[in-house]
Amino acid sequence: MATPTYDLLESVTLETAASSVTFSSIDGSYGDLVIVADWGFDGEGDLDIRLNSDTSNHSFVTMANTTSGRASATGENGNYIPASYHASADSGTYPSAIINFLDYSATDKNKSVLVRSGNLASGIEAMSGTYASTSAVTTIMLFSSPNMIIGSTFNLYGIAKESA
Amino acid sequence: MAMTLLETIEVGSGGATALEFTDIPQEGLHLCILLSARSSMAQDDNGLGVEINGSSANSNAARLLGYNTTVTGNVGGVANGISQIAADNSNAGLFSSTVMVFSSYASNRQKRYSSESAIPTSTIATYRPLTYIYNGVWNQTAAITALKFTSGDGFMEHTTASIYIIS
């Protein structure tokens with residue numbers, strides 16, 4: 001039986017500049033999560049992802065095509081997975097990102113994360129990350145330096161994996 | 001846009017040789033497959049192949065790989081390869097995440113597909129993933145009614161694959 005899915009779980013639009021947005025107490029009944037983010041900065045900056053408020057266990061690989069050329073970078077066992085890295089946003093530009101968290105509530109596997117992001121001013125990039133934990137993901141924090149500007153939006157969707 | 005779940009495959013104890021979706025309804029615009037997988041093959045990571053309508057022929061792709069601090073890739077020569085997935089030499093519990101889209105799957109045109117994967121490994125570097133992007137073509141005009149995903153030595157327990165219609 002086909003089952004409609006892709007439910008909006010939470011939507012955040014910044015009414016004041018802020019350095020982070022947190023989705024907490026995430027419903028664990030979905031199969032996968034997607035975040036669609038559209039934000040701006042008070043200057044040049046990056047946006048990062050931290051799961052379950054854990055300050056370690058995050059690793060990543062990035063690849064990008066930017067106005068400075070192609071680039072890649074890695075990080076291991078740190079406190080974030082980038083949602084934007086090389087394609088840093090300048091003041092006045094609005095980057096966007098789509099972030100996938102598959103099997104986020106599974107307790108028998110580590111979590112991997114897929115990110116596509118970019119903006120017209122500085123480039124595009126694809127990244128993947130690992131959260132080396134078998135704990136269910138219940139909290140996702142998106143954080144930046146400098147602050148994200150008023151009007152930045154973040155939507156969290158749950159994708160059903162089981163038929164209703 | 002609506003995204004409708006058709007089926008989820010959860011691989012149980014003993015693993016599975018393939019992941020197969022058949023009798024795919026034709027009323028959608030595109031197909032999306034979300035795959036959390038681990039190959040049974042004893043290596044760091046392993047190829048993921050696709051058989052469309054029961055055939056591994058007539059497919060090819062270009063791919064882009066982010067690996068350590070290198071971005072590389074190739075155009076063609078990958079036959080029916082559609083991605084890479086985590087495999088059995090990596091630490092227990094490491095599964096890759098793959099998002100695949102088959103666009104205009106019910107049309108009478110040649111079919112295009114794409115995939116993006118995060119492939120964590122523990123032998124290249126602890127938990128640091130590979131990033132793969134594939135963009136492929138199946139040069140047949142028949143509507144896609146069946147998709148079968150294969151990997152050398154099959155898939156391990158806890159692998160999950162869900163197929164959705166986008167309309």
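Predicted model: local features only at pLDDT ≥ 70, side-chain atom pairs only at ≥ 80, totals over all residues.
Residues are numbered from 1 along each chain as its sequence is written, and chains are lettered from A and ligands numbered from 1 in the order in which they are written.

**Chain A as a whole**

- Chain A has 13 strands and zero helices, with helices (H or I, at least four residues) and strands (E, at least two) taken as DSSP runs and numbered from the N terminus.
- The radius of gyration of chain A, which is taken over C-alpha atoms, is 15 Å, close to the 15 Å that the globule rule (2.2 Å times the number of residues to the power 0.38) gives for 164 residues, so chain A is as compact as a globular protein of that length.
- The C-alpha trace of chain A spans about 45 × 35 × 30 Å along its principal axes.
- Of the 164 residues of chain A, 48% count as buried, meaning that 20 or more other C-beta atoms, placed from the backbone, lie within 10 Å of the residue's own.

**The eight-stranded sheet**

- Strands of a sheet pair through backbone hydrogen bonds, either parallel or antiparallel.
- In chain A, an open sheet of eight strands runs in the order β2-β13-β4-β9-β10-β11-β6-β7, with antiparallel pairing.
- Its edge strands, each pairing on one side only, are β2 (7-13) and β7 (69-78) of chain A.

**Where chain B touches chain A**

- 34 residues of chain B are in contact with 38 residues of chain A, contact requiring that the C-beta atoms of two residues, placed from the backbone, lie within 7 Å.
- β1(B) gives the most to the side of chain B that touches chain A, with five residues.
- That side of chain B has 17 nonpolar, 15 polar and two charged residues, where Ala, Val, Leu, Ile, Met, Phe, Trp, Tyr, Cys and Pro count as nonpolar, Asp, Glu, Lys and Arg as charged, and the others, Gly among them, as polar.

Definitions and conventions. Buried ≥ 20, exposed ≤ 12 C-beta atoms within 10 Å, placed from the backbone. Pairing = 2+ DSSP bridges.
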